[in-house]
Amino acid sequence: MTDPILTIRNLTVDLPEGGDRPHAVENLSVDIAPKEIVCIVGESGSGKSITSFTTMGLLPKALKPSSGEVIFEGRDVLKLSAREHAKLRGSRMAMIFQEPMSALNPCYTVGDQIEEMFEQHTSLSKAERKARTIRLLDEVQLPDPERIYSSYPHQLSGGQRQRIVIAIALALDPALLIADEPTTALDLSTQAQILHLFKELREKHSAGIMFVTHDFDVVAEIADKVVVMKQGVIVEQGTAEEVLNRPKHPYTRKLIDAVPRRTGSVNAHMAEKHKVMEVLDLNKTYHSKGTMFKPARTVHACKDVNFIVHRGETLGIVGESGSGKSTLVKCLIRLEDPDSGSVIIDGSDIAQFTPKLLHPYRKSIQIVFQDPYGSLNPRRTIGDQLVEGPCNFGENRAHAMERAKKLMKIVRLEEDALYRYPAQFSGGQRQRICIARALMVEPEVLIADEAVSALDVSVQKEVLKLLNEIRDEMGLTVLFITHDLRVAAQICDNLVVMQNGEIVERGTVDEVFGAPKHDYTRKLLSAQPGQGWVVPDIAKLPPVDPALLESPMGAF
Amino acid sequence: MYMYILKRLGLALLVAFTVSAISFSLLFMAGDPAIAIAGENASAEDIQMVNDRYGFDRPIVIQYFEWLGKAATGDLGNSWYFDLPVSDLIADRLGVTMLLGLLGMSFALLLAIPMGVAAAVKPNSLIDRASLFISVVGQAIPSFWFGLILIVVFSIKLGLVPASGSTSWKHFILPTIVLGYYATPAIMRLTRAGMLEVLSADYIRTARAKGLSARKIMFKHALRNAIIPVISLAAVQMGFMLGGSIVVESIFALHGAGFLAWESISRNDLPTMQALILIFSMFYIFFTFLADILNAWMDPRLRIA
C-alpha cells in the first residue's frame with residue numbers, strides 16, 4: 001500500500017448561522033492513494049462538493065473549515081496562505097467541473113486557456129507551451145488538435161469542452177485530480193468516452209482521483225473506493241466491491257435500492273386497446289436563412305415520425321441531445337407548427353388547426369417540464385397556479401380549488417401547500433406540484449419531458465412511482481421523454497428510439513433493450529455505465545447492524 | 001471577422017444615407033424655405049428671386065442629390081445668418097467640441113470603470129456605498145448647476161482655473177469634469193453589474209482552480225467580459241456628448257459646435273442646422289460602428305454575422 005496523496009482528517013466545515021444544520025461537513029476523514037479513484041457519493045446537499053472545494057481552497061467566503069486537517073503532499077492546506085494554496089492549485093491539484101458549457105471563458109481560445117496553466121506555473125517558452133498544449137489536446141483524444149487549439153469554446157460541443165477542461169487539469173501532471181460530477185451534464189455516449197478517459201488517465205498519470213457523483217452506475221464503472229455521504233457526514237466507506245454489493249448502512253441501502261433496474265416493469269393495465277393519440281408522418285424542418293456570407297442550413301428535426309399511443313400506456317421516447325425529441329414534443333403540444341403530418345386526438349387532426357380551433361384541445365395534452373425550479377412562477381401561490389388552467393377553460397374557481405385539494409392528496413402533499421409559494425418546496429415536491437398542475441385540466445395525454453432528470457435518485461424513484469400509480473388509477477396515457485435508458489426501462493411499456501429526427505427502433509421495453517436491432521440502440525446500450533454490476537437485492541442482504549441504527553444518521 | 005466588419009460597415013453606410021435624407025428634408029418640413037428667407041411679407045417677385053438663387057422650386061430629389069454631392073466634397077452651403085460657408089463655420093468650432101467630448105469621455109471612463117470594479121469586488125462595502133453615492137449625486141445634479149458651483153469654488157474663490165474661454169488646457173479642466181461626470185453614473189453602475197455577474201460565473205471558478213493570480217483573474221478573465229456592454233453604452237454617450245454639450249459649452253463660453261447649434265436654432269439658420277445634424281449623426285454612426293467592431297474583437301461569439 002502506497003502512502004496516500006491526500007489525507008483528510010476530522011474535517012468540519014461550518015455553515016453560516018440560520019442554515020438547516022450547523023455544519024456543511026462534519027468530522028470527515030478520507031484517504032486517497034496514487035492511482036486510486038475514490039468516489040464520493042451522496043444526494044444534493046450531502047456536502048460532497050464542499051469536501052472537494054475545501055481541498056482546492058475554493059470555498060465560498062461564507063463557509064469556513066473550523067477543525068480538522070487536509071494533508072496534501074505532507075502539508076496541511078488549511079494552514080496555507082491564499083497565495084501558497086493558489087500555487088498548488090492547477091500545478092499539484094486540479095479540478096474538473098460539472099458544467100462544461102460554462103466552465104470555459106467564452107472570450108479566449110481554448111488553446112489560450114490551456115496555455116495559461118504553463119504561463120502561470122512554469123517558465124516554458126511560447127513555442128514549448130504551444131507544443132505541450134497540442135500534445136495535451138491529443139492526449140484527451142480531441143480530433144485535429146491544431147484546429148481545436150485556435151477554436152473558441154462556443155465552437156465546440158459539450159463533450160469536447162469537457163475534454164478541454166480535463167486537458168487544463170492534466171496540464172501540469174497534478175498528483176491529485178478532483179472531478180465534481182464531470183459527466184452528469186453529458187450525453188450517454190459522451191459520458192462513456194469520458195469515463196473511459198478517466199480510467200486511462202489513472203494508469204498513465206499516477207494521480208489520485210477524487211470523483212464526486214450521485215450516480216451509482218458511474219461508481220460501479222470506475223470506483224476503487226466509495227465514500228457515501230449524507231448531510232455532511234460519511235455514513236459508509238469501503239472498497240467499491242464491498243459498498244456496491246454488500247452495503248451495510250441503511251442509507252446506502254436505500255440509495256442503491258433506488259437505482260433504476262435495467263429490466264422492464266410489466267404494466268398489467270394494457271388490456272384495452274383504445275387509441276388516444278396517433279401521430280402520422282410528422283415532419284418538422286428548421287431552415288436557417290442563408291445570407292450573403294453564409295450558406296443556408298436545413299435541419300430535419302423530425303422526419304416522418306409515426307406512432308400510436310393507447311389509453312393507459314406509457315410510451316418512452318429515448319434519444320440523445322439533438323435527436324429531435326424536444327422538437328417532437330413541441331409539435332405535439334403545438335408550441336411549434338409541424339410542416340406536415342397529423343396529430344390525431346379524439347378523431348381530430350390538431351396538427352393543422354388554427355389557434356382558435358386548437359383551444360379546446362389544448363387541455364387534452366399537458367406537459368411536465370425538466371426543470372422544477374424554472375417551471376413554477378415564484379411569485380404566485382401553488383393554488384393560484386393550479387387553478388389557472390381550469391379557470392381558463394371556464395371552470396368556477398372555488399370548484400377548481402376543491403379539485404386542487406384532492407389532487408394535492410394524490411401527489412402526497414398537504415392541502416395547505418396550495419397557499420404556499422414554490423420557494424418553500426424541494427425539487428421533488430415541486431415536480432409533484434407540476435404533475436398536479438398538468439392533471440388539473442384532466443388531460444388525455446401527459447407528456448413528461450425529462451421530468452425526473454434533474455432529481456436525486458431516491459426522489460426520482462418516488463416521482464416515478466407516483467406517475468405509475470396515477471397512470472394505473474386514472475387510466476392516464478403518458479409520453480415519457482428521456483435520455484436515461486434506466487429510467488425508461490422502469491416506467492415505460494413501449495419505447496421508440498430517436499436519432500437525428502427519425503425513429504430508428506420501436507417495440508416493448510424488453511424487445512428494445514433485450515434484443516436491440518438497430519446499431520444506434522446497441523451503441524446507446526453499450527454506453528451505459530456500470531454494466532458489470534448487478535444491483536443487489538436489498539431485501540436479501542443481512543440485517544442492518546443495530547449499532548448503525550443508533551447513530552443519529554441511521555434514523556431516516 | 002473581416003466579413004463581420006464589412007457587414008457592419010455596409011449597415012453603417014445605409015444608416016448614414018438614410019440620416020442624410022432625413023436631415024436634408026428638414027429644410028422642407030419647416031415650410032417653404034424660400035418664404036423663410038424672403039420673410040413673411042415678401043412679394044411674389046422677392047420669393048421668385050430667392051428661388052432663382054437657391055433653386056428651391058426644382059424637384060426635391062434633384063436638390064437632394066445635388067446637396068449630397070456637394071456635402072460629400074465638403075461644401076455644405078452658406079449659412080443664412082453668418083453668410084459664411086457652413087463648412088468653415090463648423091470646422092472652426094468642431095475642434096473644441098471634439099476635444100471636450102474626448103476629454104469628458106476619458107474622465108468618465110477613468111472614474112467609472114475602476115469604481116465599478118472596486119464596488120463589484122466588495123459588494124456592500126464602504127467603497128461600494130461611496131461609488132453608489134457618487135453616481136446618485138451625478139445623476140441628480142443638473143449639469144448647469146454643477147458647472148456654476150465649480151466656477152464659484154475653483155475659479156472665483158480659489159482662483160485655480162479660469163472660468164471661461166478655450167485658449168489653454170486649463171480652460172478645459174472644469175468643462176471636462178462637468179461633462180464627464182454626467183456620463184459617469186450609468187457607466188459605473190453597468191460596470192458594477194457586469195462585474196458582479198461575471199465574477200460569479202463558472203469560468204471564473206475554473207480560473208481560480210487553475211491557480212491564476214488574483215490580478216490575472218480580475219483583468220484577463222473578468223473585466224474583459226464585463227466591459228463588453230459598457231463599450232456599447234459609452235459609444236452612445238460619446239455621441240451624446242458631442243451633440244449635447246450645448247449647456248456645458250454655454251456655461252464655460254467655449255465656442256464649440258454645440259454652441260453653434262444653439263445659435264443656428266435660435267436664428268432659424270437652416271443650412272447650418274442641417275449640416276450639424278448631419279455631422280452629429282455621422283459621429284453617432286461612427287462610434288456605434290466602432291463599438292460593434294470592438295465588441296466583436298473582444299467577444300468571439302458576436303463575430304457570427
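In what order do the six strands of the open sheet in chain A lie? The order is 6-7-8-3-9-10, and the pairing is mixed. The model described here is predicted. This briefing covers the sheet, the domains of chain A and the cavities.

**The sheet of chain A**
- Strand 6 (93–96) and strand 10 (233–239) form the edges, each pairing on one side only.
- On average, neighbouring strands are turned by 15° against each other, direction ignored.
- Strand 7 (residues 176–180) and strand 8 (residues 208–213) of chain A pair in the parallel sense over five bridges; Leu177(A) has Ile209(A) of strand 8 as its bridge partner.
- Helix 7 (residues 188–204) of chain A packs on the sheet and touches strand 3 (37–41), strand 6, strand 7 and strand 8. The direction of this helix makes about 155° with that of strand 8.

**Domains of chain A**
- The assignment gives domain 1 (1–92 + 175–262 + 530–556), domain 2 (102–171), domain 3 (265–364 + 443–527) and domain 4 (373–442).
- Between the C-alpha centres of domain 2 and domain 4 of chain A there are 48 Å.

**Cavities**
- The whole structure holds two cavities of 30 Å³ or more.
- The largest cavity contains about 60 Å³ of space, and its lining includes Met117(A), Ile168(A) and Lys210(B).
- Helix 6 of chain A gives the largest share of that lining, three residues; by class, the lining has eight nonpolar, two polar and one charged residue.
- The second largest cavity contains about 50 Å³ of space, and among its lining residues are Phe146(B) and Tyr181(B).
- Helix 8 of chain B supplies the largest share of this second lining, three residues, and the lining has six nonpolar, two polar and no charged residues.

Key:
Residues are numbered from 1 along each chain as its sequence is written. Chains are lettered from A and ligands numbered from 1 in the order in which they are written. This is a predicted model: local features need pLDDT of at least 70, side-chain atom pairs count only at pLDDT 80 or more; totals for chains, interfaces and linings use all residues. Side-chain values use heavy atoms; hydrogens and water are left out. Two strands pair if DSSP finds at least two bridges between them. Helices (H or I, at least four residues) and strands (E, at least two) are DSSP runs, numbered from the N terminus. Axes are lines fitted to C-alpha atoms, for helices over the stretch in contact, and angles run from 0 to 180 degrees between N-to-C directions. Contact means heavy atoms within 4.5 Å. Domain bounds come from an automatic or database domain assignment. On a 1 Å grid over the protein atoms alone, a cavity is a set of points where a 1.4 Å probe fits but cannot get out, and a pocket is an open set with protein on both sides within 12 Å along at least five of seven lines; lining residues have an atom within 4 Å of a point. Grid points are joined across faces, edges and corners, and a volume is the space filled by probe spheres set on the points. Ala, Val, Leu, Ile, Met, Phe, Trp, Tyr, Cys and Pro count as nonpolar, Asp, Glu, Lys and Arg as charged, and the others, Gly among them, as polar.
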